[in-house]
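Morning, everyone. I have a new structure to walk you through. Please take a look at it first.

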Amino acid sequence: MTVKENLRPGGRSARVQASVHKAVRELLAEMSRAEVTIPLIAGKAGVTPSTIYRRWGDLQQLLADVAVDRLRPDMQPIDAGSGKADLEAWAEQYAEEMSSGPGREMIRDVLAAQASANACKCAEFTRQQVGLIAERARARGEAFPDVERVMDQVVAPIMYRILFGDVPDAARVRDLVSRVMGAAL
């Protein structure tokens, strides 16, 4: 089941989503993920369990929706003065945030959902961030690789290492950026 979006922006649907998301975040801060249930979430959010089932389908889909919301960038990438420096700063922060305990949990939640829409949203957030860095670099007159090349040669290796237990350190991330930037020249 896919998440129904923008049913009535600003209306009851938005209020329900906000209260349910808040309840999930609070419960996850209070107890282990295995203890969190839809009835607990519903009670804390002030809605019926059927409201949650109707909107999200199951607990995993709800957890994925909350994770996507939390993974949405809340600021633009740092302007460090050059495309390479911007990409290094962004990639190091991305690797650090995604490899943290909460980052790994959110990744697992997004990937565990049956529908791939949430994973696609996360990939699009990342593309947008890299796209902003690329636009800034090109506005400075710098050569910058295609966004998909950065996704394939910087983001994908970082995520692979995070998913399979090896935290990419700053030197590894800088090496990935140097390689992709070298190919752009």
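Let me start with a question: are helix 1 and helix 3 roughly parallel or roughly perpendicular to each other?

What you see is a predicted model. The protein chain has 9 helices and 0 strands. Read from the N terminus, the elements go α-α-α-α-α-α-α-α-α. The C-alpha trace spans about 55 × 35 × 25 Å along its principal axes. The chain has 185 residues, and 41% of them are buried. Now take the contacts between residues at least 6 apart in sequence. Of these, 70% join residues at least 24 apart.

Back to the question. Helix 1 and helix 3 pack at an angle of about 105°. Their axes are 12 Å apart. Angles from 65 to 115 degrees count as roughly perpendicular, so helix 1 and helix 3 are roughly perpendicular to each other.

Who makes that contact? From helix 1 we have Ser13, Val16, Gln17, Val20 and His21. From helix 3 we have Thr51, Ile52, Arg55 and Trp56. By class, this contact has 4 nonpolar, 4 polar and 1 charged residues.

Stay with helix 3, residues 49-56. Thr51, Ile52, Arg55 and Trp56 are buried there. They sit on the same side of helix 3, because they cover an arc of only 100° around the axis. Here is the general rule behind that. An α-helix has 3.6 residues a turn, so residues three or four places apart point the same way.

What covers the buried residues of helix 3? The cover includes helix 1 (12-30), helix 2 (38-45) and helix 4 (59-71). After helix 3 comes Gly57. Its phi is positive, near 90°.

Now the annotations. UniProt, in an unreviewed entry, places "domain: HTH tetR-type" at residues 14-74. Over residues 14-74 the chain is 75% helix and 0% strand. The end C-alpha atoms of that stretch are 19 Å apart. The record also has a "DNA-binding region", again from an unreviewed entry, at residues 37-56. Residues 37-56 are 80% helix and 0% strand. There the end C-alpha atoms are 13 Å apart.

Next, another helix pair. Look at helix 6, residues 101-112, and helix 8, residues 147-163. At what angle do their axes cross? Roughly 95°, and the axes come within 11 Å. Helix 6 and helix 8 are therefore roughly perpendicular to each other. On the helix 6 side, the contact is made by Arg104, Ile107 and Leu111. On the helix 8 side, it is Met159, Ile162 and Leu163. By class, the contact has 5 nonpolar, no polar and 1 charged residues.

Last stop: Ala171. You will find Ala171 in helix 9, residues 170-184. Is Ala171 buried or partly exposed? Its relative accessibility is 44%, so Ala171 counts as partly exposed. Now find Glu92. Ala171 and Glu92 are 79 residues apart in sequence. In space, they are 9.1 Å apart, C-alpha to C-alpha.

To wrap up: we have a predicted model with 9 helices and 0 strands. Helix 6 with helix 8 is another. That's my tour. Over to you.

Notes. Residues numbered from 1 in each chain as written. Predicted model: local features only at pLDDT ≥ 70, side-chain atom pairs only at ≥ 80, totals over all residues. Heavy atoms only, no water. Axes fitted to C-alpha atoms, helices over the stretch in contact; angles between N-to-C directions. Helix = DSSP H or I, 4+ residues; strand = E, 2+ residues; numbered from the N terminus. Parallel < 35°, antiparallel > 145°, perpendicular 65-115°, else oblique. Contact = heavy atoms within 4.5 Å. Nonpolar A, V, L, I, M, F, W, Y, C, P; charged D, E, K, R; others polar. UniProt positions renumbered as here; feature names shortened; annotations may be inferred. Buried < 20%, exposed > 50% of the residue type's maximum accessible area, 1.4 Å probe, protein only. Arc of directions from axis to C-beta.
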